[in-house]
Structures are given as structure tokens and as C-alpha cells.
Amino acid sequence: MFRLILLGLAFLLAYRLGFFSMVVDLLPLPGSAEMNDKPSWKVACEKYSGKAFELDGSLGQCSWIVRDSMAELPNSFLRYVASLRKGAASSIHWVAPIGDFSRALFVLHEDSISSAYLHIPAADSSMIWIDASTGCRFPGLCPEQPLGWSSLSISDDFDFSGQEALLAMDKLRGIGEAPVRPILSGKVLATGKDSLGYYVELDHGYNVTSKMSGLFRYDKDSVSFEPGSWVDLQTLVGRIAPRDSSAIYLTIRRNGHFVRWSDFFAESHPVDSAKISKFKEQIGL
């Protein structure tokens with residue numbers, strides 16, 4: 001009993017003197033060995049058969065020449081980008097901070113043309129991929145304004161819901177005789193004339209269709225498309241009426257349901273151009 005009391009007093013004294021804390025401080029923390037043994041970004045790059053380059057601004061680059069096999073690429077995004085190549089081989093460059101090489105800032109794909117993709121924070125702070133040339137979320141649909149530079153803004157107090165005719169369409173204003181082009185490339189479903197004017201209806205795939213109505217047929221070829229023919233973003237489908245300010249009507253349906261043009265465009269362009277420009281400046285692109 002006396003020995004147990006002495007042993008208890010010894011433990012109590014050691015605790016008060018901080019002996020146990022000193023011992024714990026000398027022991028390796030859980031996971032510290034793994035952190036110390038974490039391979040450098042060069043080693044991580046070469047592990048996936050890439051070639052490493054050191055860039056300015058504490059950035060590193062890992063590059064691959066991609067041919068038939070994409071198995072050596074480290075993630076699904078790079079494998080998807082590589083699958084878009086047109087030729088027998090293409091180059092892919094992954095650029096990220098040296099301290100966290102898994103967190104890419106941008107990816108460059110060099111094929112017959114060069115394409116850059118930015119890894120940029122969205123409004124909710126989640127990281128998304130953006131096509132650097134279009135500003136569109138990547139991968140995904142990338143619609144364009146059908147009136148292009150000739151579009152005119154609609155005032156904030158314009159009430160769509162207050163006009164029965166516009167419950168299932170959007171009104172887009174533009175400069176008189178402005179050219180009208182598709183919002184996306186697609187297949188012609190139908191053309192004709194209704195109470196609003198001439199119209200063109202297109203199937204864009206991905207269960208998305210659009211119908212542009214109220215076109216002014218200024219010559220016989222402006223909307224003369226055969227059903228089943230293919231149109232791209234540069235195809236002229238018609239022009240708006242020759243007035244100082246005129247309009248067309250746009251109906252977008254996804255999975256059969258009407259979608260507002262502003263919502264459809266915002267989904268594909270989740271980051272504004274000013275933020276994209278600032279991001280490019282920050283990373284020196």
C-alpha cells in the first residue's frame with residue numbers, strides 16, 4: 001500500500017511539473033510523418049509521366065504529350081480535355097501553385113488550336129472551370145446573344161409577367177435591321193410565319209430548343225431553311241424590322257419547360273467578365 005501511495009505521489013508531481021507535456025511534444029504528431037514525406041510537385045508530376053517546369057510567381061507546370069492513351073493523366077478533367085483533341089496528338093499543360101499542385105489555376109490544351117480553361121471561384125466560393133475565350137462554364141452549353149452587338153438593354157421595370165403574351169417568351173430589343181443569329185448551333189425543326197412575323201425553331205441537343213419569332217423577312221433567303229438542316233452561331237436566320245428600335249421574341253425550352261433567357265445565359269456564364277479579367281491578371285496569364 002505504501003508503494004502505491006508513493007507511486008501515485010510521483011505521478012502527481014510529474015504531472016504538475018509538466019513532464020508528460022514535454023514527452024508529448026517530443027513525439028511525432030499523427031500524420032506529420034506523411035506531411036514530411038509528401039513528394040514535391042516535380043515528383044508528383046513525374047509520377048504521372050508528366051514533364052515538370054518551374055514558372056514565375058511560385059507556380060509550377062506539368063505537361064504531357066497525349067496520344068492514344070490518357071491513363072497517365074491524373075484526373076478526369078484532364079482526361080476529358082484530352083479527349084477533345086482533333087489530331088493524332090496534343091499537348092496539355094497543368095499550372096498550379098507549387099505548394100498545392102492539386103489545385104490548378106488553369107489548363108492549356110494545344111491542338112490544332114489552343115484552348116485555355118481557368119479554375120476560378122464562383123459567387124458561392126466553389127471552384128468551377130471557365131473557358132477563357134468565351135467566359136462560359138466548361139464543359140457545357142455556351143449560348144450567345146442572338147442580336148450580338150446590336151442588342152439594346154430592357155429597362156429594369158419591364159414587367160414580363162404583366163404581359164400575357166410574354167409569359168412563355170422573352171422580348172429582345174435591338175437596332176433596326178440588326179442581324180439575328182442562333183443562340184446555339186443546332187438543327188432546324190421548323191420555319192414559317194405566325195402573328196408575330198417569321199420564325200425559326202431549332203433543336204440544340206441536350207434537350208434544349210429555341211424559337212425566334214417576330215423576324216422581318218427582308219428578302220426571300222432570310223429564313224428559308226429546310227427542316228433537318230444544320231445552322232451554326234454565324235448563320236444569319238433573319239433581321240429585325242427596319243425601325244430605330246425593334247424587337248424579336250425568344251422562347252427557350254429545356255426538357256420541355258420554358259426557361260428565361262437571362263437565367264439560361266447566367267447559368268452558362270456564372271462569372272462576370274470583370275472577375276475573369278482580374279483573375280487572369282492575378283495569375284499572370
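This note goes through the model point by point, from the whole chain down to single residues.

1. **Ground rules.** The model is predicted: local features need pLDDT of at least 70, side-chain atom pairs count only at pLDDT 80 or more, and totals for chains, interfaces and linings use all residues. Residues are numbered from 1 along each chain as its sequence is written, and side-chain values use heavy atoms, with hydrogens and water left out.

2. **The whole chain.** The protein chain has seven helices and 16 strands. These are DSSP runs numbered from the N terminus: helices are H or I with at least four residues, strands are E with at least two. Of the 285 residues, 36% count as buried. Buried means under 20% relative accessible area, exposed means over 50%, and partly exposed lies in between (1.4 Å probe, protein chains only). Now take the contacts with a separation of 6 or more: 55% of them are between residues 24 or more positions apart. A contact means heavy atoms within 4.5 Å.

3. Strand E1 covers residues 51-55, and strand E2 covers residues 59-66. The two pair in the antiparallel sense over five bridges. Two strands count as paired if DSSP finds at least two bridges between them. Leu55 stands opposite Leu59 in E2. Three residues lie between the strands of this hairpin. In the turn, Gly57 has a positive phi of about 75°.

4. **First disulfide.** The structure holds two disulfides. A disulfide is a covalent bond between the sulfur atoms of two cysteines. Here the test is a pair of cysteine sulfur atoms within 2.5 Å. Cys45 and Cys62 pass, with their sulfur atoms 1.9 Å apart. This pair links distant parts of the chain: Cys45 is in helix H4 (residues 41-47) and Cys62 is in strand E2, 17 residues apart. The torsion about their S-S bond is about 90°, so the disulfide is right-handed. Cys45 and Cys62 are both buried.

5. Which cysteine is joined to Cys136? The partner is Cys142, with an S to S distance of 2.0 Å. The torsion about the S-S bond of Cys136 and Cys142 is about 75°, so this disulfide is right-handed. Cys136 is buried because its relative accessible area is 2%. Counting bonded cysteines along the chain, the pattern is 1-2, 3-4.

6. **The largest pocket.** Rolling a probe the size of a water molecule over the atoms shows where empty space is left. On a 1 Å grid over the protein atoms alone, a pocket is an open set of points where a 1.4 Å probe fits, with protein on both sides within 12 Å along at least five of seven lines. The largest pocket has a volume of about 770 Å³. That volume is the space filled by probe spheres set on the points, which are joined across faces, edges and corners. The lining has 27 residues, each with an atom within 4 Å of a point. Leu84, Tyr117, Asp131, Phe138 and Gly140 lie nearest the centre. Strand E5 (residues 114-121) gives the largest share of the lining, three residues. By class, the lining has 13 nonpolar, 10 polar and four charged residues. Ala, Val, Leu, Ile, Met, Phe, Trp, Tyr, Cys and Pro count as nonpolar, Asp, Glu, Lys and Arg as charged, and the others, Gly among them, as polar.

7. **Backbone exceptions.** Most residues other than glycine have a negative phi, and most peptide bonds are trans. Ser49 is not a glycine, yet has a positive phi of about 65°. Ser49 sits in the loop between H4 and E1, and is exposed because its relative accessibility is 56%. Asn207, also not a glycine, has a positive phi of about 60°. Asn207 is in the loop between strand E11 (197-203) and strand E12 (208-215). The peptide bond from Phe138 to Pro139 is cis, with omega near -5°. Pro139 lies in the loop between strand E6 (127-131) and strand E7 (151-152).

8. **Two exposed residues.** Ser114 lies in strand E5. Ser114 is exposed, at 53% relative accessible area. Leaving out residues up to four places away in sequence, Ser114 touches Leu108 and His109. Trp149 lies in the loop between E6 and E7. Buried or exposed: which is Trp149? Trp149 is exposed, with a relative accessible area of 73%. Trp149 and Ala178 are 29 residues apart in sequence and 8.9 Å apart in space, C-alpha to C-alpha.
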